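Here is a quick tour of some side-chain pairings and a surface patch. Have the viewer open while you read.

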Amino acid sequence: MADPAPLFDRRRAGWWRWAAVLAPGLLLYLLPLPGLNAMQRHLLAIFAATIVALVAQPLPMGASVVVSMTLLALTGTLPPAKVLSGFSNITVWLIFLAFLFGRAFTVTGLGKRIGYLFVRRFARSPLSLGYSLAAADLVLAPFIPSDTARGGSVIFPVTRSVASALGSEPGPTANRAGKYLILTSFHTCYAASAMFLTSMAANPLIAEFAMRVGHVELTWMRWFAGASLPGFLTLAVVPWLLCRIVKPELQDMHPAREHARVELQQMGPLRREEKWLIAIMLAVMAGWVTSHWHGTSNTFVAFAGLAAILLTRVLSWDDLLAERRAWDALIWFAPLLMMSDALNETGVIKILSSKLFGLMAGWPWMLVLMALAVSYFYLHYTFASLTAQTTALYASFLAAALAAGVPPLLAALPLAYLSSLNAGITHYGTGSAPVFFSAGYLRQSEWWRIGFLVSLANLAIWLGVGVGWWKLIGFW
């Protein structure tokens with residue numbers, strides 16, 4: 001998931017971080033805001049300071065949220081039971097469990113095996129090699145809800161080793177193939193994150209907001225149905241577009257296939273743990289897809305999968321305890337969700353939405369939707385975390401769209417998908433971005449320029465083809 005990349009050097013600009021966190025919180029706390037009572041103002045102040053802290057990172061994310069929880073209780077803004085209520089939310093536990101599934105793919109080596117299998121089988125040209133890396137990411141995406149874990153820990157090492165096998169290193173040989181492969185792996189990674197409810201940590205959070213704010217149920221199958229056509233179109237168009245922009249010099253992909261063959265040979269045949277993991281995850285996927293019929297929540301389908309992983313000793317309990325990203329996410333996701341719920345329950349989101357988006361009153365609802373979606377997308381230039389932006393803005397933008405008369409499902413879906421697709425515009429916008437960027441194949445100006453061009457293609461596909469697709473399948 002999306003551990004955000006620091007925007008500042010801690011040693012040189014620590015005081016700027018604290019100033020950035022404290023300023024908006026103090027202003028909202030002290031200034032009388034029309035329409036908000038004292039409790040609402042205090043809640044908004046602590047929430048705003050928390051979101052800024054997740055971006056500026058004066059403390060680790062979990063520590064910042066623990067401080068916020070303590071302030072909410074000590075100032076009497078919320079009752080202690082309410083402050084801790086986020087830990088009873090099943091969405092939080094689904095996110096936690098999905099991180100543990102990602103750990104299983106990494107520890108067993110199954111994730112890398114899948115990546116090399118696609119490279120060995122399909123790499124015939126630079127474009128087909130790009131498609132093979134995208135396909136490997138897509139296969140893993142429903143089970144690993146973190147572009148940092150999936151892209152940074154599984155796909156990036158495969159991509160980097162293949163680039164080296166092709167003789168393409170940062171510097172003079174970057175254009176041989178490495179620059180194209182790095183860009184393709186990154187831009188298809190977050191596209192895959194948009195396609196499944198369980199492929200990005202904030203996606204279940206979005207489903208929770210959609211239900212609470214708009215009474216829109218985003219099940220696993222409904223999410224995928226909406227994302228299927230624009231998602232597959234993105235995965236087809238973006239590698240081709242990048243191939244046209246970057247124009248890799250090397251056309252012979254035989255060294256890449258040979259490298260994948262050697263890696264797979266060294267890994268040997270499927271081990272017992274990998275076979276069990278494949279069977280368990282297919283069963284979990286079947287449970288998620290059919291949850292509408294059998295009535296068991298996705299969270300407890302995932303718990304059943306985790307129990308099976310432990311019983312078959314695919315992972316040990318110590319392996320799970322070592323997955324720090326899962327435990328970290330549990331600590332800071334739960335309070336964030338609680339604060340968002342409290343803002344909605346106390347009417348703060350409705351009040352702010354009506355004030356912030358009042359200028360759009362009287363606009364045709366389709367124009368409002370497009371304006372909100374594009375604004376939401378490019379506001380990610382100011383965020384270093386997908387989850388931070390989702391938590392801060394999704395509910396209010398959704399409320400504004402609903403107030404303008406946008407059909408509920410059509411209001412919820414574009415903002416949901418763009419919450420992943422906006423990751424590609426900067427080199428710090430999501431946890432995997434610094435991993436790919438730090439490989440050194442591109443300058444920052446190149447990364448941003450290409451990211452902006454890809455963002456235009458993504459918006460055209462998801463707000464153009466996507467809206468038509470959602471009409472065709474009866475979503476509005």
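## A partly exposed pair

Let's start with R160, which has a relative accessible area of 22% and so counts as partly exposed. Keep in mind that this is a predicted model. R160 has a charged partner: its side chain meets that of E169 in a salt bridge, at 2.6 Å from N to O. E169 is partly exposed too, at 30% relative accessibility.

## A buried pair across the chain

Next up is K179, whose side chain meets that of E446 in a salt bridge with an N to O distance of 3.0 Å. This one links distant parts of the chain: K179 sits in helix α9 (residues 178-193) and E446 in helix α23 (residues 444-472), 267 residues apart.

Are these two buried or exposed? K179 has a relative accessible area of 10%, so it is buried. E446 comes in at 12%, which makes it buried as well. The cut-off at work here is that buried means under 20% relative accessible area.

K82 belongs to helix α4 (residues 80-83) and E345 to helix α17 (residues 324-345), so the bridge ties together parts that lie 263 residues apart in sequence.

How many salt bridges are there? The count comes to 12. Some charged residues join up in a network of salt bridges, made of R113, R271, R272, E273 and E274.

## What R257 touches

R257 is part of helix α12 (residues 254-267). Setting aside neighbours within four places in sequence, R257 is in contact with V119, R120, A123 and R124.

Which residues make the nonpolar surface patch of about 250 Å²? They are L270, I278 and L282. I278 lies in helix α13, which spans residues 272-289. With a relative accessible area of 33%, I278 counts as partly exposed.

Conventions:
Residues are numbered from 1 along each chain as its sequence is written. This is a predicted model: local features need pLDDT of at least 70, side-chain atom pairs count only at pLDDT 80 or more; totals for chains, interfaces and linings use all residues. Side-chain values use heavy atoms; hydrogens and water are left out. Patches are made of residues with over 30% relative accessible area and no salt bridge: like charges are joined within 9 Å, nonpolar side chains (Val, Leu, Ile, Met, Phe, Trp, Tyr) within 5 Å. Accessible areas come from the Shrake-Rupley method with a 1.4 Å probe; for residues, only the protein chains shown count as cover. A salt bridge is a side-chain nitrogen of Lys or Arg within 4 Å of a carboxyl oxygen of Asp or Glu. Helices (H or I, at least four residues) and strands (E, at least two) are DSSP runs, numbered from the N terminus. Buried means under 20% relative accessible area, exposed over 50%, partly exposed in between (1.4 Å probe, protein chains only). Contact means heavy atoms within 4.5 Å.
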